[in-house]
Amino acid sequence: MNKKIWDIYAPIYEKAMRGDRKAYSLMYEHIPQVIQGKDVLEVATGPGLLAQHVA
């Protein structure tokens, strides 16, 4: 998918992910424990909501 297409669909994708916030909340709580002391590469996982928690 090229950048132009992603720019069109990113806001829609982000809204869909926010609708699943409950499903992701448990994962977000566990991220710090799982990645502690590790290098993490977050690639192609959407609008960056997961990357926010990794950072």
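Does Y9 count as buried, exposed or partly exposed, and at what relative accessibility is it placed: which class applies?

1. Basis of the note. This is a predicted model, in which local features need pLDDT of at least 70 and side-chain atom pairs count only at pLDDT 80 or more, while totals for chains, interfaces and linings use all residues. Residues are numbered from 1 along each chain as its sequence is written, and side-chain values use heavy atoms, with hydrogens and water left out.

2. Y9. The residue Y9 belongs to helix 1. Y9 counts as partly exposed because its relative accessibility is 46%, where buried means under 20% relative accessible area, exposed over 50% and partly exposed in between (1.4 Å probe, protein chains only). Between Y9 and V43, 34 residues apart in sequence, the C-alpha to C-alpha distance is 17 Å.

3. Overall make-up. The protein chain has three helices and zero strands, and its elements run α-α-α from the N terminus on. Helices (H or I, at least four residues) and strands (E, at least two) are DSSP runs, numbered from the N terminus.

4. The protein chain has a radius of gyration of 13 Å, whereas a compact globule of 55 residues would have one near 10 Å. That radius is taken over C-alpha atoms, and the globule rule is 2.2 Å times the number of residues to the power 0.38. Along the principal axes, the C-alpha atoms fill a box of roughly 35 × 25 × 15 Å. Of the 55 residues, 11% count as buried.

5. Helix 1 and helix 2. The axes of helix 1 (residues 3-19) and helix 2 (residues 21-35) come within 6 Å and cross at roughly 75°. Helix 1 is therefore roughly perpendicular to helix 2, a label given to angles of 65 to 115 degrees, with under 35 counting as roughly parallel, over 145 as roughly antiparallel and the rest as oblique. Axes are lines fitted to C-alpha atoms, for helices over the stretch in contact, and angles run from 0 to 180 degrees between N-to-C directions. M17, R18 and G19 of helix 1 meet R21, Y24 and Y28 of helix 2 in this contact, contact meaning heavy atoms within 4.5 Å.

6. Nonpolar core. The largest nonpolar core has five residues, M17, Y28, I31, I35 and L49. Helix 2 gives the most to this core, with three residues. Such a core is a set of buried Ala, Val, Leu, Ile, Met, Phe, Trp, Tyr and Cys residues joined through side-chain atoms within 4.5 Å. Leaving aside neighbours within four places in sequence, I35 is in contact with V40 and V54.

7. A44 lies in the loop between helix 2 and helix 3 (49-54) and is exposed, with a relative accessible area of 78%. The C-alpha atoms of A44 and K3 are separated by 12 Å, at 41 residues apart along the chain. H30, in helix 2, is partly exposed at 37%.
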